[in-house]
Every structure is written in C-alpha cells, then in structure tokens.
Amino acid sequence: MTQVASPARVQSRLGAMVRAARGARPLTSLSGDQLAMGLSGLCLVHCLATTIFFASVASVGGVFLDNHLFHEIGLIIAIGFALITLVSGVLSHGYMMPFAVGSFGLGMMAGALSRPHDGSEVLATMIGVAVVALGHDLNRRARH
C-alpha cells in the first residue's frame, strides 16, 4: 500500500523551503572568487562539450569553438578575474598561498594553448582551470 504525504507534512516541507530561500543570498552578493569559480566551471563544461562534440562529429571543422582567438580571450578574462580577486585577497588577508595556487593554474592554462589539438591541450586546460578554481576557493576561505 502506498502512503500519500499528509497535507500538513507537505505544508511543513514547503515552509522549510520558503524559509531556506529567504536566507539565500541573491546573485548580486556573490564574491568575486565565487563568480570566478563559476566561470571556471563553465570553462570545464566548454572543454568537455567541445571535445565530445568534435569526437562524435569528426567531419565538423571547428570554426568558432576551436579558434585560438576564442581561447586566448578566455585566458585574458581568467587572468583579469585572478588579478582582481586573488590580489585583493592577498591585500586583505595576507596569505600568498591562494595567489600562488591560482597563478600556477593560470600558467597551466597558458601553457595548454601551445599544445597541439590532440586531447592533451584539453586535459592540460582542464587541470589548469581546476587549479585556478582551487586558488579562488582557498582565497574565499581565507577571507572568512
């Protein structure tokens, strides 16, 4: 016999969800590090999606997503976020480790641009992006 939740139980769950939503922060209150980590996640999705796309459709010549200029602009944006958030973090909390980790990841991403398009570039970029995101997470934790 299947039990159906009572209306009181459903209302208490709904009330808990509403209370949790009231305590949530709006998107505009995200820190720069949180925004940079989100962009790192989007970069990872881009790397995975284009790799899977080009592997499954071998006849497609990547005009836009495989363009070096697109990736160079993405690296410039990542360096800009890193300069703003990681340097301001060092100035506010004084720890160099988040900056060092983030810079190492940016170096890995920059080095990946010089690799051939044989899969190793994607792997190096994804590892670099993950290391940059770790640097931003360390920076966010050091601020609190």
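Predicted model: local features only at pLDDT ≥ 70, side-chain atom pairs only at ≥ 80, totals over all residues.
Which residues in helix 3 meet which residues in helix 4? The legends below answer this and then visit other parts of the model.

View 1. Residues are numbered from 1 along each chain as its sequence is written, and side-chain values use heavy atoms, with hydrogens and water left out. The protein chain holds five helices and zero strands, in the pattern α-α-α-α-α along the sequence. Here helices (H or I, at least four residues) and strands (E, at least two) are DSSP runs, numbered from the N terminus. The average pLDDT (the predictor's confidence in each residue, from 0 to 100) is 77 for the protein chain, and 69% of the residues score at least 70. Confidence is lowest in helix 1 (residues 7-23), with a mean of 59, and highest in helix 4, with 93. Of the 144 residues, 25% count as buried; buried means under 20% relative accessible area, exposed over 50%, and partly exposed in between (1.4 Å probe, protein chains only). Contact means heavy atoms within 4.5 Å. Among contacts between residues at least 6 apart in sequence, 70% join residues at least 24 apart.

**View 2. Helix 3 packs against helix 4.** Helix 3 (residues 68-93) and helix 4 (residues 97-112) meet at an angle of about 170°, and their axes lie 9 Å apart. Helix 3 is therefore roughly antiparallel to helix 4. Axes are lines fitted to C-alpha atoms, for helices over the stretch in contact, and angles run from 0 to 180 degrees between N-to-C directions. Angles under 35 degrees count as roughly parallel, over 145 as roughly antiparallel, 65 to 115 as roughly perpendicular and the rest as oblique. From helix 3, Leu75, Ala78, Ile79, Ala82, Leu86, Val87, Val90 and His93 meet Pro98, Phe99, Gly102, Leu106, Met109 and Ala110 of helix 4. By class, this contact has 12 nonpolar, two polar and no charged residues. Ala, Val, Leu, Ile, Met, Phe, Trp, Tyr, Cys and Pro count as nonpolar, Asp, Glu, Lys and Arg as charged, and the others, Gly among them, as polar.

**View 3. Helix 3 from end to end.** With 26 residues at 1.5 Å a residue, helix 3 should span 38 Å, and its end C-alpha atoms are 36 Å apart, which agrees. The expected span is 1.5 Å times one less than the number of residues. Buried residues of helix 3 include Thr85, Gly89 and His93. Just after helix 3, glycine 94 takes a positive phi of about 85°.

**View 4. Histidine 136 and its contacts.** Histidine 136 is found in helix 5 and is buried, with a relative accessible area of 1%. Not counting residues up to four places away in sequence, histidine 136 touches Asp33, Ala36, Met37, Phe81, Ala82, Thr85 and Leu86. Its C-alpha atom is 6.7 Å from that of glycine 102, 34 residues away along the chain.

**View 5. Alanine 133 in helix 5.** Alanine 133 sits in helix 5 (residues 120-143) and is buried, at 19% relative accessible area. Leaving aside neighbours within four places in sequence, alanine 133 is in contact with Met37 and Ser40.

**View 6. Leucine 35 in helix 2.** Leucine 35 lies in helix 2 (residues 32-56) and counts as partly exposed, at 42% relative accessibility.
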